[in-house]
Amino acid sequence: MFALCLTLGLLAAFVAAIVIRALRFVPCEEPETPAEHIPADQAALAAQLQAMLRLPTVSATEEGLTDDAVFESFRALLARLYPTLFARCAPERHGRHGLLLRIQGRSPDAPSVLMAHYDVVPAEEEGWTHPPFAGDIMEGELWGRGALDTKCTVMGILAAAEALLREGFVPRNDVYLSLGGDEETLGQDASAIVDALEAHSLRPAFVLDEGGAVVDRVFPGVSRPAALVGIAEKGSAFVDVCAAGRGGHASAPPSRQAVGQLCRALVNIQKRQAPFTLTAPARVLFDTLGRHAGFGYRLIFANLWCFRPLLDLVCRQSGGELNALVRTTAALTRLSASPAYNVLPAEASAGVNLRLIPGDSAQAAMDRLRRVLGKTGATARLVKASAPSPVSPAEGQAWQRLGSAIAHTFPGAIRSPYLMMAASDSRHYCRISEHVYRFSPLSLDRARLGLIHNQDERIRLDLLGDIYRFYIRVLRQC
Ligand SMILES: [Zn+2]
């Protein structure tokens with residue numbers, strides 16, 4: 001009887017503890033100061049972006065297929081569109097198409113860097129409602145490859161800088177505008193720009209590149225839009241997984257065939273996922289957005305000390321972005337074996353793309369992968385890898401500065417750090433700065449997010465003013 005009472009008592013205390021924690025797990029937002037009105041000429045901004053979209057600055061994966069002349073024309077266009085900026089800021093070329101401009105501040109110390117890239121992924125005309133490089137405007141939207149990724153921010157940064165310089169604005173510290181021309185093929189422009197800054201021993205106090213946007217329904221149980229700022233990005237590794245077998249005529253196959261072995265290996269990889277890892281970006285994201293969720297979710301996120309295994313299971317089952325936030329993932333991507341129905345392959349192989357969570361390494365992930373392959377007979381070989389970035393702090397001056405520009409441009413959005421799944425040019429800046437942030441000042445719903453790198457990429461014209469205002473606010477604080 002005593003034992004039963006004790007058990008019930010402990011259970012009641014446990015339930016009370018997790019409920020109290022959930023009830024106290026509420027948003028802790030600072031009050032927002034009203035934003036100063038910044039006029040924006042939407043038609044002029046649209047015309048600038050339209051001219052940019054009409055130049056097909058396509059980054060080709062294959063060497064020699066990129067049309068350098070178009071990139072040259074694009075830079076000439078920028079100089080025409082933003083004459084004050086280009087006259088005053090001594091544009092420098094670095095790498096193949098990298099462009100660097102310096103807005104001189106009152107002090108060269110603690111400079112800021114605003115980044116974007118002006119190359120785009122290829123687009124075939126077929127399947128598009130409006131041709132990808134025509135820059136058509138229809139029903140309040142501007143159509144074209146690069147409208148979202150990311151000529152819109154190229155336009156926003158340069159238009160804001162041009163307007164401020166014309167007003168006679170001088171920033172407190174130097175500001176560098178860093179534009180890459182080969183981001184989409186993981187090229188070297190941004191790296192070359194960073195080399196140049198490093199040669200002058202510059203340590204930027206603030207670096208901002210493309211990244212998270214202002215997105216609706218991004219987190220379970222949260223209906224308010226969230227402005228997601230990438231404070232780190234995942235690394236990536238390309239791996240070949242191979243299984244050998246006896247090749248030859250298909251009329252009398254052996255009991256262990258290469259393709260069968262490979263399939264067993266791949267099923268293992270899919271099933272045995274990397275361990276759940278709560279990195280700083282995920283922890284802060286759960287702590288920020290979790291507070292805005294319904295009570296059921298708050299119960300979980302306020303009590304990760306006991307619900308961590310449950311969260312792990314939910315993430316595993318759901319897959320997708322939620323799962324990618326908490327572990328190194330393995331995507332099975334390429335397959336090859338025999339060229340004919342009646343030929344047994346001597347080797348079957350698959351391509352696997354590992355996305356490494358901060359703190360993980362290609363070497364550690366390969367060791368894990370080999371343990372997963374176990375006795376399947378398949379082997380793994382690392383082809384290429386890039387490390388995950390360090391994590392920038394979600395506090396301090398640079399973070400506050402970004403936060404206030406977001407709050408004033410997107411009132412009502414919850415500001416939260418997150419982990420970028422894709423690679424951006426900003427990773428090169430981690431060499432010379434501890435304050436690298438990834439945020440695109442764009443309000444997008446899920447459907448619009450899906451247009452990035454897709455057919456019918458387009459942007460609503462009413463977003464252009466906010467992009468411009470956001471960069472005005474950022475620049476004024478530099
Ligand atoms: Zn991009």
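Predicted model: local features only at pLDDT ≥ 70, side-chain atom pairs only at ≥ 80, totals over all residues.

Reader: What makes helix 2 roughly perpendicular to helix 15?

Author: The axes of helix 2 (residues 42-53) and helix 15 (residues 464-476) cross at roughly 90 degrees and come within 9 Å. Roughly perpendicular covers 65 to 115 degrees, so helix 2 is roughly perpendicular to helix 15.

Reader: Which residues of helix 2 and helix 15 meet?

Author: In helix 2, Gln42, Leu45, Ala46 and Leu49; in helix 15, Leu464, Gly465 and Tyr468. Contact here means C-beta atoms, placed from the backbone, within 7 Å. By class, this contact of helix 2 with helix 15 has five nonpolar, two polar and no charged residues. Leu, Ala and Tyr count as nonpolar, Gly as polar.

Reader: Why is Ala90 called exposed?

Author: Ala90 has 10 other C-beta atoms within 10 Å. Exposed means 12 or fewer, buried 20 or more, and partly exposed in between. Therefore Ala90 is exposed. Ala90 lies in the loop between helix 4 (83-88) and strand 1 (92-94). Its phi is positive, about 40 degrees, although Ala90 is not a glycine.

Reader: And why is Leu186 partly exposed?

Author: Leu186 has 17 other C-beta atoms within 10 Å, so Leu186 is partly exposed. Leu186 is found in the loop between strand 6 (173-180) and helix 6 (189-199). Phi of Leu186 is also positive, near 50 degrees.

Key:
Residues numbered from 1 in each chain as written. Axes fitted to C-alpha atoms, helices over the stretch in contact; angles between N-to-C directions. Helix = DSSP H or I, 4+ residues; strand = E, 2+ residues; numbered from the N terminus. Parallel < 35°, antiparallel > 145°, perpendicular 65-115°, else oblique. Contact = placed C-beta atoms within 7 Å.
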